[in-house]
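Please examine the sequence and the structure shown below. The report that comes after them is written for a reader new to protein models.

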Amino acid sequence: MESFNNCKPADWETNFESKLTVESSLPYEEYTGPIEKSGNDQRQYRLIRLPNNLTALCVQDVDAKEAATSLSVN
């Protein structure tokens with residue numbers, strides 16, 4: 001089993017950049033730090049945070065034949 005003891009946590013305070021949506025100019029923040037993934041993973045990832053502090057990981061897979069969503073509420 002792989003150990004994650006040496007991994008640094010994401011900096012949730014300084015690694016977000018404020019942005020606006022293109023069509024509606026709604027505010028959101030996008031994570032600008034590195035997102036760790038396998039070298040074999042060809043998907044593109046974006047981590048965003050909305051003004052209500054909801055954080056979402058957006059994953060794009062150009063080879064996917066179907067779309068899916070998932071929600072976890074803590």
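This is a predicted model: local features need pLDDT of at least 70, side-chain atom pairs count only at pLDDT 80 or more; totals for chains, interfaces and linings use all residues.

Residues are numbered from 1 along each chain as its sequence is written, and side-chain values use heavy atoms, with hydrogens and water left out.

Serine 25 lies in the loop between strand 1 (16-20) and strand 2 (27-31). Asparagine 53 is placed in the loop between strand 3 (44-49) and strand 4. Strands are DSSP runs of E with at least two residues, numbered from the N terminus.

| Residue | Phi |
|---|---|
| Serine 25 | positive, about 55 degrees |
| Asparagine 53 | positive, about 70 degrees |

Serine 25 counts as partly exposed because its relative accessibility is 45%, and asparagine 53 counts as exposed because its value is 58%. Buried means under 20% relative accessible area, exposed over 50%, and partly exposed in between (1.4 Å probe, protein chains only).

Arginine 49 belongs to strand 3 and, at 13% relative accessibility, counts as buried. Its side chain makes a polar contact with the side chain of glutamate 29 at 2.8 Å. Such a contact is a pair of N or O atoms within 3.5 Å; within protein, one must be able to donate a hydrogen and the other to accept it, and residues adjacent in sequence count only if both atoms are side-chain atoms.

Leucine 57 is part of strand 4 (residues 55-60). Together with Ile35 and Val59, Leu57 forms a nonpolar patch on the surface, with about 240 Å² of accessible area in total. Patches are made of residues with over 30% relative accessible area and no salt bridge, where like charges are joined within 9 Å and nonpolar side chains (Val, Leu, Ile, Met, Phe, Trp, Tyr) within 5 Å. Accessible areas come from the Shrake-Rupley method with a 1.4 Å probe, and for residues only the protein chains shown count as cover. A salt bridge is a side-chain nitrogen of Lys or Arg within 4 Å of a carboxyl oxygen of Asp or Glu.

Methods: Helices (H or I, at least four residues) and strands (E, at least two) are DSSP runs, numbered from the N terminus.
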